[in-house]
Structures are given as structure tokens and as C-alpha cells.
Amino acid sequence: MRPPRAAAETKAVTSPKFPLVVRTAIPADHERILELWEACGLTRPWNDPRRDLERKLAHDPELLLVGTAPDDTTTANKVVATLMAGYEGHRGWLNYLAVDPAASGRGFGRAIVTEGERRLEALGCPKINLQVRHDNMAAIGFWEALGYMVDDAVSMGRRLILDN
Ligand SMILES: CC(C)(COP(=O)(O)OP(=O)(O)OC[C@H]1O[C@@H](n2cnc3c(N)ncnc32)[C@H](O)[C@@H]1OP(=O)(O)O)[C@@H](O)C(=O)NCCC(=O)NCCS
């Protein structure tokens, strides 16, 4: 696995009400990241989350972000947000956005996405795409609040590696 580049390690982002520190994930975060993905309902039987994490770390670990909220009394000093950003030279992608349910509605989702967008733009990425399950109305509302629009396109995929 490639270690994250030091230059991309830390970025403090202040949300309107609660400060969130967004930084590149480090190995000590990995179990908590998997816990948050599970707690936020992002895992699927056909996708082994641990293998997804390993693949990301082997590819572009500097775009796996976590947010910690030192001033949040509910979740002090814990990773409360995750975001997996990516750029393949044409479009940026955002996956595995998760905010600890105990800390939702505090601007953490917006803050970590803003930092993901900043990092993608710094790489020259002209547009971000993302996929949301069609019945995840809460997430669709969130993305719309951040200025994302439904594209006139059908999402298609084909599995190359079976995880189980
Ligand atoms: C979706 C999720 C990331 C939102 O995180 P959050 O920290 O609670 O969101 P924020 O507090 O940053 O909200 C940002 C903005 O979106 C708005 N918003 C959030 N959910 C909304 C909804 N369902 N409808 C309309 N607006 C919404 C907020 O009011 C806020 O607006 P403001 O910045 O103008 O005040 C979080 O609930 C989560 O982890 N959900 C489970 C996992 C998931 O579905 N991930 C997305 C997969 S695509």
C-alpha cells in the first residue's frame, strides 16, 4: 500500500457552527472508518468494505479523507466523518460519504465534501460525479443542498472482481 503523501495530510475546515478538521486518513483510522461505513448503512453484501479500503489505499490514499471534531462533546476526538474522493483524469468521484449519526446536522457532511472538492479541483478535475441509491432521499436532499443536480444519464456498471 502506498502511504499518503505528506503534502495532502491536513486541512482544517470550519463549518458555521462546529469546527471539523479534515485530513487524509492514517492507518489508525481504518477500523473506525469501517465502523462508520457500517453504522451509516453504506456497506453492501457484494462489496467487501475492507477490500474497498485496501484498494483505495493501494491506489490514491491521499484522497481518503476523515473528519474529526475536537469541540463536539458527543463524539470528542473521534473520527466522525469519512469521504472517499477519486479522480481518473476526466471526472472526479465521491464515494463513502459518512457522518456519525450522533453528529449529523452539524455541517460535517458539507465540510468534508468541501475539502474533497477542493482537493479534486487542485488536481484539475473539471466535474464531480457521484452515485446515490435511488431510495436514499435524505442523501439526495443533502447533495441538492450542496448544489449537485441529477444528471441526464443512466448509471451502469459491470463487476470485474467478485468480493465473496
Ligand atoms: C447524508 C449525510 C452525509 C449528511 O451529513 P450531515 O453532516 O448531517 O449534513 P450537513 O449537516 O453537513 O448538511 C449540509 C446541508 O445539507 C442540508 N441537508 C442535509 N440533509 C438534507 C435533506 N435530506 N434535505 C435537504 N437538505 C438537507 C442541511 O440542511 C445543510 O444545509 P446548510 O449547509 O445550507 O445549512 C449523513 O446524514 C450520512 O452520513 N448519511 C448516511 C450515509 C449516506 O447516505 N451517505 C451518502 C451516500 S451517497
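**View 1. Strands E3 and E4 run side by side in opposite directions.** E3 and E4 make an antiparallel pair held over five bridges. This is a predicted model, so keep that in mind for every view here. Look for Val 66, which sits opposite Thr 82 in E4. On its other partner, E2, strand E3 is antiparallel as well, this time over four bridges. There, Val 22 has Gly 67 of E3 as its bridge partner.

**View 2. Strand E3 is mostly covered.** How many of the five residues of E3 are buried? Five of them are. Follow the strand along and you'll see Leu 64, Val 66 and Thr 68 pointing one way, while Leu 65 and Gly 67 point the other way; all are buried.

**View 3. E4 and E5 make a hairpin.** Four residues lie between these two strands, and Gly 89 in the turn has a positive phi of about 95°. The strands pair in the antiparallel sense over six bridges.

View 4. Within it, Gly 92 has Ile 128 of E6 as its bridge partner. To get from E5 to E6 the chain passes through H3, making a right-handed β-α-β crossover.

View 5. Most residues other than glycine have a negative phi. Tyr 96 isn't a glycine, yet its phi is positive, about 45°. Is Tyr 96 buried or exposed? It has 20 other C-beta atoms within 10 Å, so Tyr 96 is buried. Six of the eight residues of E5 are buried too, so the strand is largely enclosed by the rest of the structure.

**View 6. Helix H3 spans about what you'd expect.** H3 has 15 residues and reaches 21 Å from its first C-alpha to its last, close to the 21 Å expected at 1.5 Å a residue. Its buried residues include Phe 108, Ala 111, Ile 112, Glu 115 and Arg 119. An α-helix has 3.6 residues a turn, so residues three or four places apart point the same way. After the helix comes Gly 124, with a positive phi near 90°.

View 7. Nonpolar side chains tend to be buried together in soluble globular proteins.

View 8. Coming nearest are Ser 104, Gly 109, Arg 110, Gly 141 and Ala 145. Sorted by class, the shell has eleven nonpolar, six polar and two charged residues. E5, H3 and H4 each supply at least two of its residues. H4 gives the most, with five.

**View 9. Helix H4 sits largely in the open.** Why is that said of H4? Of its nine residues, the number buried is zero, so the helix lies largely in the open. Gly 147 follows H4, and its phi is positive, near 95°.

How values were computed
Residues numbered from 1 in each chain as written. Predicted model: local features only at pLDDT ≥ 70, side-chain atom pairs only at ≥ 80, totals over all residues. Buried ≥ 20, exposed ≤ 12 C-beta atoms within 10 Å, placed from the backbone. Near = placed C-beta within 6 Å. Nonpolar A, V, L, I, M, F, W, Y, C, P; charged D, E, K, R; others polar. Pairing = 2+ DSSP bridges. Right-handed = clockwise from strand over helix to strand, strands pointing away. Expected span 1.5 Å × (residues − 1).
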